[in-house]
Amino acid sequence: MNRSKKYTILIGIIVCLLVGYFIADNMLFNGIKPKTINQDGFQATYFVKDVASPKTTIVLIGGGQWGDYWARQFAAKNMVSMSLPYIGKQGLPKLPEEIELEYFENAIKWLRKQPEVAPNKIVIMGASRNAELALLIASTFPTMVSGVVAYAPSSVSWSNTVLPYNSNDLKPSWKYKGIAIPYIPMDKISGKDSDSIQLLAYWQNGLAKTDYVKQAAIKVEKINGPILLFSGNDDKVWPSSQMADMIEQRLKENKFQHHFRNIKYENAGHLISSNPEETSSFRVGTMTIYGKNYQYEFGGTNEGDIKARQDAKRRLMEFVEKL
């Protein structure tokens, strides 16, 4: 084979690879290519399909695979979305304790300056402890946030010690302007002789501290926009349905003026914010306490979780599309 023929074949292979790459790239991203943001004091992955006009924007608190999944879903619906981690990456805190709310304030301020973002249509979304944080962010910055979606929410702020991998010293989980956000102080959860652990009693003991609950309650009535809550009645990680009811009661007592929905699902557990297209669900998780692994249940059933996730996604999209 002569040299020119070799070059022709090589060039042909390169062209085929490039064409294949661009076809696969287009199919994979569907025209939505995320942009990495690392400026103004925050890190995020930013998703936008086009910049033709200002749009509803959803901030996914916690980021990661969960945040990226939902960010793509919103971007595919011609909305803007931001997957926003706040721990675990280089340049960010290692542990979710004493997290400064200014971090999220910076991200929202940046968003409000983007031409494709409607500044009066920014929604904060989170699940579990990130739902706690989402509600707190929206109540702290009511002039910048226009709504909240909270999966498996908390009605109160908790101390750092609720997570077994956090430091042993009692600290606030969240701070703003150097001041601790009031929280329910908790002892570290401890395991028994068995290899499994029941979590609900731990949280119920915290909610029984009525004086602390009163001061640690998230001031959801300050949120300047609609609120959508999802929870599973069989959540065995923490009492999310009970805490959703506590949020509802507080809103009623304070004559909340915006739209509010408290949606609870039978036979559903803690993981209802997961990918609705998944046909199976994790039933058991693992928690390490002082070097020993314990299993705990997420609650719900496969069928119950799948139905809840799919219905919640439909209601979620209706919620954000109406803003």
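Two strands are said to pair if DSSP finds at least two bridges between them. The tour covers a predicted model, in which local features need pLDDT of at least 70 and side-chain atom pairs count only at pLDDT 80 or more, while totals for chains, interfaces and linings use all residues. Residues are numbered from 1 along each chain as its sequence is written, and side-chain values use heavy atoms, with hydrogens and water left out.

**First stop: a sheet**

The three strands form an open sheet in the order β5-β8-β9, with mixed pairing. Its edge strands are β5 and β9 (179–180), each of which pairs on one side only. In general, strands of a sheet pair through backbone hydrogen bonds, either parallel or antiparallel. Strands β8 and β9 run antiparallel and are joined by two bridges. Select Tyr-176 next: its bridge partner in β9 is Ile-179.

**Second stop: aromatic rings**

Rings of Phe, Tyr and Trp (its six-membered ring) pair if their centres lie within 6.5 Å; planes under 30 degrees apart count as stacked, over 60 as edge-to-face and the rest as tilted. By this rule the model has 15 aromatic pairs. Select Tyr-69 and Trp-70, an edge-to-face pair with 5.1 Å centre to centre and 75 degrees between the planes. Both Tyr-69 and Trp-70 are buried (under 20% relative accessible area; exposed is over 50%, and partly exposed lies in between, with a 1.4 Å probe and protein chains only). Now select Tyr-86 and Trp-174, which are also edge-to-face, at 6.2 Å centre to centre and 65 degrees between the planes. This pair links distant parts of the chain, 88 residues apart: Tyr-86 is in the loop between β4 and β5, and Trp-174 is in strand β8. Tyr-86 and Trp-174 are both buried. To see one aromatic cluster, select Tyr-69, Trp-70, Phe-74, Tyr-151, Phe-230 and Tyr-265.

Select residues 240–253, the 14 residues of helix α7. Its buried residues are Ser-240, Ser-241, Met-243, Ala-244, Ile-247 and Leu-251. Seen down the axis of α7, they fall within an arc of 165 degrees (taken from the directions from the helix axis to the C-beta atoms), so they line one face of the helix. The face turned away from this buried side carries the exposed residues Lys-252 and Glu-253. Which elements cover the buried residues of α7? Among them are α4 (129–140), α5 (200–207), β10 (227–232) and β11 (260–265). Just after α7, Lys-255 takes a positive phi of about 50 degrees.

**Fourth stop: salt bridges**

A salt bridge is a side-chain nitrogen of Lys or Arg within 4 Å of a carboxyl oxygen of Asp or Glu. The count by this rule is 14 salt bridges. Select Lys-171 and Glu-97, whose closest N and O atoms are 3.4 Å apart in a salt bridge. Lys-171 lies in the loop between β7 (147–151) and β8 (174–176) and Glu-97 in the loop between β4 (80–84) and β5 (99–100), so the pair ties together parts that are 74 residues apart in sequence. Glu-97 is buried, with a relative accessible area of 11%, and Lys-171 is partly exposed, at 23%.

Finish at helix α8 (residues 302–321), where Glu-303 and Lys-307 are four residues apart, about one helical turn. They form a salt bridge with the closest N and O atoms 3.1 Å apart, and both are exposed.

Notes: The expected span of a helix is 1.5 Å times one less than its number of residues. Contact means heavy atoms within 4.5 Å.
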